[in-house]
Amino acid sequence: MAALPAKKFAFFPGCLIPVRYPQMEAAIRRTLPQLGIEIVDLDGFTCCPDPIYFKSYDKLAWLTVAARNLALAEEAGLNLFTICSGCTATLSETYQQLNANKILREQINERLARVGLEYRGTSTIRHVVTLIRDEVGLEAIGASVVRPLEGLKVAIHYGCHLLKPSHVMKVDDPDDPRILDDLVAAVGATPVRHGEWILCCGKACKDEEAPAQMMYDLLKSVAAVEADVLGVVCPSCFNEFDLGQVRLARQYEDESVKTPAVYFFQLLGLAQGLSLEEVGLHRHKVRAPALEKYAAAEV
Amino acid sequence: MPPKKNKPPGGDGPTIELDFEFKKRVEKVVDGALVNYCYQCGACVGDCPSARYLEGFNPRAIMLKVLYGFGEELVGPDSPAWQCTNCYNCYERCPQNVKPVEIIIALKNLMAEREIFPEKAQVGDLVNTVLETGRTAPVTSMTKKLREELGLDPLPDIDTTPLKKILE
């Protein structure tokens, strides 16, 4: 494949992926250069901060910390990409709110001035799946594949924060999204839509029983379409589905609900010729035997 | 004869005490004032996963209670706000752009102000971790081991002085 001219973007790594699931970061760092994307690491980023807990504490503080992160990318003169749906939600909402509301922006800039920064609203934010769809294109993504994942059935969990609110996220139609189905197809696998595909993973709900019931229903519907893996793009959802499935299988005494969760870029990595170890799939709680034959195939 | 207290018209139903002071507190939080546009259509309920799984959870009813000012019920120890999954379906569906989930988060902010968020909400711990380490999840020996195994650079410590300054 002819080398594409590199496009440079600031990399916003977030917290959960680099700290708890670095295999996802490894997959990102190894696959994007194959698509002509140059990853630029910047100093000084903090937690986005997270759109569930930190935002519950104080919305103004939440916007302020997010605006500081965005101001750092603006200083570097780069657009940002994120690899977690939560980071995408926080930074996109901050961008939308501060660009639309001058009073709020001034209020936050007074705070940022204390550390010599100003939010100007010049750097855009995109989740990495949107970035590669729009900047690279499905055809070129397919052209980077040397080991198509033919026959692999991937149930897709879009999750909530990648798509909604749609006029803020600007990713896809939240009632009939295509983006992840198209990306899965681009690596040669077969996307399958399951009955509960729109259901939330329930993580933020602090009820004793409801989140487990949501997860159980969702996973039963994934098992019903006989998917080999459950494709995700968010580390929070992943946590619910990886360690969470082990817990659920025990709680409901039902081993049938174990469908291994994988981060999309791990699949892309395998398809681009990387090993299971290079994309960290050997570290998941629920192992994915279906992927081993692809990893063993010669490139 | 003593003046009638907010009797619902045309009936002898229970008297409702309205508390506009509470609503004003909600309005002060970012996006909190949007609650005033709620016309109680219920579009937020149909796709709400918490309404599907939890009897009694109803985002439309929460909006009405904010408008009535039922503060004790909404920001007390048994607040329904913590049952919300933050899925944003209600925000997507609302024809009035009320952003019901944002009103629910505003209620959480009011509880945080009074430090009455329940321990299960994990809010206090997480905010402290961010202020101390710059991250929601602290770097552990497992982090270091995994990153080395994957050939990734070790994570740098984050200087949290700027965070503290902008949040003072």
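In this predicted model, 63 residues of chain A and 57 residues of chain B take part in the contact between the two chains. Put together, chain A and chain B bury about 5,100 Å², and carbon and sulfur atoms account for 61% of that area. On the chain A side, three residues stand out: Val19(A), Lys59(A) and Lys206(A) supply 14% of the area that chain A buries against chain B, more than any other three residues.

Six salt bridges are found across the interface of chain A and chain B. In one of these, the side chain of Lys59(A) meets that of Glu102(B), with 2.7 Å from N to O. As for polar contacts between chain A and chain B, the count comes to 26 residue pairs, with both residues at pLDDT 80 or more.

Which elements of chain A give two or more residues to the side that touches chain B? They are helices: H1 (16-20), H2 (22-31), H3 (53-57), H4 (59-76), H5 (85-100), H6 (102-112), H9 (166-169) and H11 (210-224) of chain A. H4(A) gives the most, with seven residues. Sorted by kind, the residues on this side of chain A come out as 30 nonpolar, twelve polar and 21 charged.

Away from the contact, the fold of chain A can be taken in turn. Chain A has 14 helices and eight strands. With a radius of gyration of 19 Å, close to the 19 Å that the globule rule gives for 299 residues, chain A is as compact as a globular protein of that length. Its C-alpha trace spans about 55 × 55 × 30 Å along the principal axes.

Among the strands, E1 (residues 7-12) of chain A pairs with two others. Five bridges tie E1(A) to strand E2 (residues 37-41) of chain A, and these two run parallel. Within this pairing, Ala10(A) has Val40(A) in E2(A) as its bridge partner. Strand E3 (residues 80-82) of chain A is joined to E1(A) by three bridges, again in a parallel arrangement. Here Phe12(A) stands opposite Thr82(A) of E3(A).

Conventions. Residues numbered from 1 in each chain as written. Chains lettered and ligands numbered in written order. Predicted model: local features only at pLDDT ≥ 70, side-chain atom pairs only at ≥ 80, totals over all residues. Heavy atoms only, no water. Contact = heavy atoms within 4.5 Å. Buried area = accessible area lost by both parts, 1.4 Å probe. Salt bridge = Lys/Arg side-chain N within 4 Å of Asp/Glu carboxyl O. Polar contact = N/O pair within 3.5 Å; in protein donor to acceptor, adjacent residues only side chain to side chain. Helix = DSSP H or I, 4+ residues; strand = E, 2+ residues; numbered from the N terminus. Nonpolar A, V, L, I, M, F, W, Y, C, P; charged D, E, K, R; others polar. Pairing = 2+ DSSP bridges. Rg over C-alpha atoms; globule rule 2.2 N^0.38 Å.
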